[in-house]
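Please keep the sequence and the 3D view at hand while reading.

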Amino acid sequence: MVPEPSPPNRSLADDIRARSDEELTSLVAARPDLARPAPSDLTALASRSATRASTARAIDALDAAHLQALEAAAVATDPVTPATLARLLGASDESAAAGLLDDLWRVGLVWRSPHGLVVTRTVIDVLGDNPAGLGLPAEDLPGPPAADEATLQSEIAAAPPRARAILDRLTWGPAVGIVGPDDAPGRRGPAEDGARWLLAHGLVRAVAADQVALPREVAMVLRGGRVHADSQLMPPAPAGVAVDPDRVDAAAGAAASEVLALLDELLDAWSQDPPRVLRTGGLSVRDLKAASTRLDTEPEHTAYLVELALIADLVADDGEVEPHWVPTAEYDQWQTEPGGERWARLALAWLSSTRAPHRVGGRTDASTVINALGPDAQWPPIRSLRRAVLDLLDRHWATAPEPAAVAESVRWARPRRVPRTLDSVVGAVLREAAWLGVTGHRALSSAGRAVLLAEGDPRAAAESIHPHLPAPVDAVLLQADLTAIAPGPVTGSLAAFLRLVADVESRGGATVHRFSDESIRRCLDQGWTGDDILAGLRDASSTPVPQPLEYLVRDVARRHGTIRVRGVSAVIRSEDERGLEVMLAHRRLAPLQLRRIAPTVLTSPVSPEVVLEMLREEGFAPVPESASGVVAVPIRPARRAVRSRSVDPALVQAMDRAQLGSLIQTLRAGEDEARNRASAIAGGRGPAIPANDPTTSIAVLREAIADGRAVWLGYSDSIGQTQRLLFHPERIDGGRVSGVAEDVARTLSIHRITGVVPD
Amino acid sequence: MTDGALIVQSDKTLLLEVDHPKSADARRAIAPFAELERAPEHIHTYRITPLGLWNARAAGHDAEQVVDALVTHSRYPVPHALLVDVAETMARYGRLTLLKDDEGRLVLRTTDRAVLTEVLRHKRIKPLVGETIDDDTVLVHPSERGHLKQELLKVGWPAEDEAGYVDGEAHPIALDQTEGWSLRPYQEQAVDGFWDGGSGVVVLPCGAGKTLVGAGAMAKASATTLILVTNTVSARQWKDELLRRTSLTEDEIGEYSGARKEIRPVTIATYQVLTTRRKGVYTHLDLLDARDWGLIVYDEVHLLPAPIFRMTADLQARRRLGLTATLVREDGLESDVFSLIGPKRFDAPWKDIEAQGYIAPADCVEVRVTLPDGQRMAYAVADAEDRYRLASCSDAKLPVVEKLVERHRGEPTLVIGQYLDQLDELAGRLDADLITGETTVAERQRLFAAFRTGEISLLVVSKVANFSVDLPEASVAIQVSGTFGSRQEEAQRLGRVLRPKGDGRTAHFYTVVARDTVDAEFAAHRQRFLAEQGYAYRIIDSDDL
C-alpha cells in the first residue's frame, strides 16, 4: 500500500495515525502491551503508547545501542536527523544512526516531524533528568542561560587547575557535586580558582549551599559533542573456544540421560517416603539435604532437580491435612514415555518457568532462607534472562563462551533490565543448562536449539535429543561382590526392580547397584519372596546369579517373616483344650471372631469386657487376667456416686457487735447513695437499682423469667452510661439475657448489667 | 558413542568391562592414574583420586594423556566437569619443585608466583621455609624437606622433589642369580620403576616376592641399607632371604631389634624398636644416623606407624623404597605415604600376577555355623563390645574346624585366630602346635622350619602370623576369628596361602563365622574385599560340609 501524502505530523498521535498497516503491525508486535486489551481506534493506540508505563516498558526492551541512540536523541534540543545523531553518538557512520533512529521510530519512541525525528515527551520523562549522566539544561538551573558554544570553549580553556579538576569530575556524570567549605558557592571573597571561579564564569550553577551542577550545554562541550564516553553501538563478541558440535551433542546426551536417571531416583524415593510441605510452602532444608545425600549431588544441583520436578509438574503438594510433596499422576505417565519425550518435557518446562532454582539456599530481602519448592524461589526476571542467555549461545553456535563474556553480552542486550547479580544469575543459568543437556561442553546443543525453537511443542525437541541418549540396556551384570552393574541406562520395570532390590552406589554412563541385607529386606517387605527376587535377578542378568548373591537373598528371606506381629484385643487362655474347641465351634460366640493361636490360647479382636460377658452368658466361667498374667479378681464395691465437685457454701462466722455495727452503717450509707443517684438519673421513674454482682443479677433474672414478671435493670451502654430499663426477660444463655424492653426485643450481656430489681 | 570398554561415572570411578575385546588396552591406558578398587568377575572398578593423578604426574604422564585415555576408551561421553577437574588437579603437581640451587642449597621454586604466595601464607607452611631468594624461590632448611612436602600436599599443591639423594656409604651388593634363579619380569620392572623414580612405593600382592624387589633395589643402590620391618620374625626372614639371594654374608647383615642391637652395612630393624620410648624420648633414634645409609626399605608400608612417618620426614635426602600389598590404609594416612616415602612406582593387579602363575589360585569359602540356643541367648543379652568375642569364639566352630582339618589332612594347614583361649582350645583338640605372641622366637622359628619341611602339617597361629611370616607351602588356611572387619588383615591372611605351590595345587581359604551375628557382618565386609580382588568365594552352611 502506498501511503497517501498526508499533512505533516504534529504529534506522536498524528504519526501513528499516518502509519501503514505493516508499520502498525510491527509496532504492536514489538510492544504487545499496546494491544491488550485491544484499543478501540488508532487515537487510543497512540495515547496508550504515550503512557509512561508502556513507554518505560519499550525503553527497557532496548539494547545498549538503541538506548544510547535514544538518550542522544533525547539530549538534542531540536528534532534529530541521522547526521546529528551520528555526531552525538560519535559514530562515523550516518547510515547506522539512521538505522537506529528508524528502529526507534518503529517502536514509537520517536515520531517524525517535518524537521526530523522528535523524542516523545514521555520518553524524556522516563529517561529522567540525567540521561547519559548529563545534568539539566542551563535554563532549568538557576542563573543566566548558557553562553554559546564558542564562548564556553574559551571559558573552559581558561579554567585554572582546580576548577578544571572539578569540571573533569563532573563531565561524565554525575553532574552535581558537593564542594568543600572553602569553595562553597555562598562564600564571599575573590574567586580565583575552584568552584567559585566556575560559578563566576557561569560554567557551573549553584543548586544548594554546598552543591554545584554542571549545565548540560557545558557538559556537551566538555564531552566534545558526544553524549557517551564509550560507544556501545556494536554488540560485544563473546570470546570463546570453538567446539565440535558432535562432541557437544554427545555431552548433552550424557547430561540428559543423567538428569532423567536422577529424577527417577528422586521421585521414586519420594513415592515411598514423601517429604513434608513446610508451613511456608517449601521443602525443608533437612529434606533437601537428605535428597542430596541420596542422589550424591551438590546442594545446588539437588535444588535444581527438585525444582525441575516441580516445574515439569512431576511433583506436587498432595493437599492433605498434613501435606507432603508427592509425585503426580503426570509422573506415572511421564515415566512410561521414551527418553526423548521425557527430556523434552523437562527442557520446555524449564525454559518457560519463572522459578529460579539457584536462589534456593540464599536469603530473601527480608532475610529469610529461600527453600526449594517454596514461593520465594519464584523470580520472574529469570525467564527472560534465561532466554537471553540461550539466544546468545544460539547466535554463537559451536562456540563455548566464558560465563563472564555471556554476562557481558546479556548486559548489552538489555542494559536497563539486568539484576545486580547478573554474573551469578548467568552462571547459574549456564550450569542448569549443562545439567539438563541443553548445552554440552558449554555450547548450545542441537537439542537445546530445538527446545528454543519448539514454542511449546515437545516433538522436535524429543527427536533432536533422542539419537544422543544412550540406548537403554535390558540386562545387568551381577557380580560376586554383591553388585549389579547396568552398563547403560535402564528403564521401566527393570529400573524399578533394581531400585527396589538394591541401592545405587555410583551413577553415570552406567549404574552400580549394591545388594545388602537391608535392600533385600526392603524388597521382601514389599511382598516379594526370595524365589521371586532370584527369578527377577535371573531375568535381569545376562550372567548367572553368583553364589554369594543367591546365598544373601536366601539368607535374608529365611529370616524374613519368621516373626509375625498381629493386634488382638483379648486373649483367652485355658488348660482345657476341649473347652476352647467348644468355644470355637459355638455359634453364638461367632461375633467374638475367635482364633486359635496355640492349643490352649484363643484370641479375639473384641475387648476383654465384652468377651467376658459373652462367655458368661454362654455358660462359661471366665476370670479376667491382668496384662502380666495375674488373675485380676474384680473387686466389686457397693456402688457409690462420687460427689460432684461443687462450690462450698461460705462458712458463716459469727460476727461481733462492732463488726455488725459498722456493716449496717455501710449498708445504710450505700442505700442512701444509691437512692440519691437513682433519683438524680431517672427522675424518679421506677425503683432505685442497687449495684448487684452478676450472680445476684442472674438469680433475680431467672426468678423473673420463671414468674413471667418484668424487672428494672441498670445497663451500661456502649459509651459507658448506665441506662435504666424496664425489661421483660425471656431467656438466659451464654452470658446473655434476651427479652423485651419498651416493646423492642433486646439481648443484653449479663456482664454489662449493673443491677436488677424486680418490678 | 563408541564401543569402548570403559564407563566413566560421575563419582570419578571408572568401570572396566573385563570381557570386552579392548579391555586390555583400556586397562593399560588407565592404570597409571587410576587405582584399582575392586576387581570382581565382570566389571573392574578403578577410582580417580588426586593422589592417583599426582602419582601419574610423578611418573611423567600429563593431563592430556589422561583425558585422552578417558575419552578414547569411554563408551559414553565423559562429563565435561570431570575432564576439567582432572586437568586442574594434575596441573597442581609440579607448580612447586624442591631442588638444589647452584650453590647447593635446598630451595622451593615455583613456576607460578601466585601459588607460591598462596602456600607461603599458610600458617603451617610459613615456618618451614627460610628467606626469599627471588620472587619464585624460597630457601628451605634441609631438615624441613619432609614436613614441607607433607604440608604442601595437605593444601593441595604437592611439590615435586628433585633435590636428589645422597649416595650414602657405598657397599657392594649383588644379586646371586645362579642356580637357575632370577628376578621375575614384573619384579625387575618394579625395581627399575623405583630406581628411575628415586623414591617411592612398590605395590605387589603377598607372595609375589616383595623381598626380592627389595634385594634388587639394594643391588642397584650398592650402598649401606636400613631395612625397617614389622617384627622380629619378619626380620629373620628378610635376613635368610638376603643371604640366599644376594652376595651379602652373615657378617654384613645386622639385626636391630628388642633382642639384638647390631649395626652393620645392611641393618634390619623393627618398627617396634624404633618407636620405643623412654621418658618420652625415642631411645633408638640414633640408629637412623648411625651410618650414612644409601637406601631405606620400608616393609609393609601400609602398616607404618605414625612415629616412623615423623622420623621419615627427616630422612628425605636418602632413597626410600616402600613395599606393600595395598595402598589402602585403614587410618587414612595414604597422603603421608605419598609425600614422605614417595609416589607409587609400580603396581600390578593380583589377578594378572596370578594368571602368570606366580600366585596360587585360591578357593575361598565362608562356612556359616549356627550358634547353639544357649549361646544365642548369651549373645542376645551381651553388651555390644563383648558380642564379637562371644560370636567368634563360639564352641560351634570347633567341630567345623576339625572337619575342615580332617578334609585336608596332610596338606600344610594353618588355623588362624584372634582370641588366645579359643586358639588354645583348638590346638588342644586338634593336637597341633600353637604359636602366639608369647612363643619365643627360637620356638617360632623351629616350628616354622618344621612346617616348611613338612615335618608338621598343621599349625594354630594367632595374629602374629599376619605379617611377613613366610610359609611357602601353606595351602589351607582356616580363619576362626579376626580383627573386626579389617580388609587389610584379609589381604594378609589370604597372602598366607597364596604362595606359589610346587605342584600348582589350588589353595583353600576358609572362614568360619557364626550366623546372624556381628561375626557374619564383619565377615561379609572382608568377603567383599575378596570378591573385589576377583576371588570367587562361596558361602556354605556347616551342615552341608
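Which residue is the bridge partner of A:L713 in β23(A)? The partner is A:V756. The model shown here is predicted.

- Strands of a sheet pair through backbone hydrogen bonds, in either a parallel or an antiparallel manner.
- In chain A, five strands make up an open sheet with antiparallel pairing, and their order is β22-β21-β20-β19-β23.
- Strands β22 (744–749) and β23 (753–758) of chain A form the edges, each pairing on one side only.
- On average, neighbouring strands of this sheet are turned by 40° against each other, direction ignored.
- Strand β19 of chain A, residues 711–716, runs antiparallel to β23(A) and is joined to it by five bridges.

**The helix on the sheet**

- Helix α30 of chain A, which spans residues 694–707, packs on the sheet.
- This helix touches β19, β20 (722–733), β21 (736–741) and β23 of chain A.
- The direction of α30 makes about 65° with that of β20(A).

**The contact between chains A and B**

- On chain A, 24 residues are in contact with 26 residues of chain B.
- The elements of chain A that give two or more residues to this side are α13 (245–272), β12 (477–479) and α26 (547–559).
- Helix α13(A) provides the largest share of the side of chain A that touches chain B, with five residues.
- The residues on that side of chain A comprise 12 nonpolar, eight polar and four charged.

How values were computed
Residues numbered from 1 in each chain as written. Chains lettered and ligands numbered in written order. Predicted model: local features only at pLDDT ≥ 70, side-chain atom pairs only at ≥ 80, totals over all residues. Pairing = 2+ DSSP bridges. Helix = DSSP H or I, 4+ residues; strand = E, 2+ residues; numbered from the N terminus. Axes fitted to C-alpha atoms, helices over the stretch in contact; angles between N-to-C directions. Contact = placed C-beta atoms within 7 Å. Nonpolar A, V, L, I, M, F, W, Y, C, P; charged D, E, K, R; others polar.
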